[in-house]
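Here's a quick briefing on a sheet, the helix packed against it and a ligand shell. Have the structure open while you read.

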Amino acid sequence: MDKNLKAVIAKKVERTMNNLVKNNMMAFYVESKDEVVNKVAELINEGETVAVGGSVTLEETGVLEHLRSGRYNFLDRYEEGLTRNQVEEIFRKSFFADTYLTSTNAITEDGELYNVDGNGNRVAAMIYGPKSVIVVAGINKIVKNTDEAIERVRRIAAPANTIRLNKNTPCAKTGYCVDCRTEDRICCSYTVFRQQRQKDRIKVILVGESLGY
Ligand code: SF4
C-alpha cells in the first residue's frame, strides 16, 4: 500500500483506539489476521468457558478453530448435529461464559460499537452476562460516526449476511436495505455501545486488514 495512504489509515486507527479507551474499552491493534489467535490467547485463560456470536471474522482469523483446540470449555453453537433447541440452549448458557467472542458491524472513530441483530443473542451477551467480551474487527469496519455505521449496515453488512444465510429478503437481491417487513428480516435490534460502566470488560482487537462484513 502507498505509504501516504497507510499514514492516513494509521491516524484513523489511532483516533478510534483512543476513543474506545475513553469509552472504557481496551483497544489492541495487530497488523494481520495471522496475529489474531495469539492476541486472543493472551486474553483468555486456559480452561475458561467461552462462547461466540455469529461472525465471519472469527472464522477468517482462525479464532473458531483455536477455540476448538481443547484449551477451553467452548460452547460451540456450530457443532454438527445440534438441533435448533440445542443451539438456543447454547445461546442462553453463553450469558454465563467467562469470555464471549464476536465481531461488530461497525466501529466509529468516536469509539462506539454499532450492531444490528436478528435473534439478539449476540448483542445481549455483549451488553451483559459474560465477564469478558473480545471483539475482533478488520479496519474495514471503522466508520466516521453512527450515521455512517447505520449506512454501513444497510449497504454492506446486512445484505451480505442475508446472502450468506440464504434469507429471502429484498436486500439479498438488490444489495441494499429497504427496511423490509419480510419474515426473514435479520435487522431487529439496533445497539450502540458508548461509555461502558465496567471498565475493560470489552476488549477490541483491530486488525489491519479487511475482514468479515
Ligand atoms: S431490514 Fe430487511 S431489507 Fe433491510 S437490511 Fe435488514 S433484512 Fe435487509
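Two strands count as paired if DSSP finds at least two bridges between them. This is a predicted model, and with that rule in hand, strand E6 (residues 113–117) and E9 are joined by five bridges and run antiparallel.

**The sheet**
- Leu-113 sits opposite Phe-193 in E9.
- Zooming out, the sheet is open and has four strands, ordered E8-E5-E6-E9, with mixed pairing.
- The edges belong to strand E8 (142–143) and strand E9 (189–193); each has a single partner strand, so one side of each is left without a neighbour in the sheet.

**The helix on top of it**
- Helix H7 (residues 146–164) packs on the sheet and touches strand E5 (106–108), E6, E8 and E9.
- The direction of H7 makes about 160° with that of E5.

**A residue to look at: Glu-148**
- Glu-148 is found in helix H7.
- Glu-148 and Asp-98 are 50 residues apart in sequence, and their C-alpha atoms are 32 Å apart in space.

**Around the ligand**
- There are 14 residues around the ligand, and the ones that come nearest are Ala-158, Cys-171, Cys-177, Cys-180 and Cys-187.
- H7 turns up again here: four residues of the shell come from H7, the largest share.
- Helix H8 (170–174), like H7, supplies at least two residues of the shell.
- By type, the shell splits into nine nonpolar, two polar and three charged residues.

Methods
Residues numbered from 1 in each chain as written. Predicted model: local features only at pLDDT ≥ 70, side-chain atom pairs only at ≥ 80, totals over all residues. Contact = placed C-beta atoms within 7 Å. Axes fitted to C-alpha atoms, helices over the stretch in contact; angles between N-to-C directions. Near = placed C-beta within 6 Å. Nonpolar A, V, L, I, M, F, W, Y, C, P; charged D, E, K, R; others polar.
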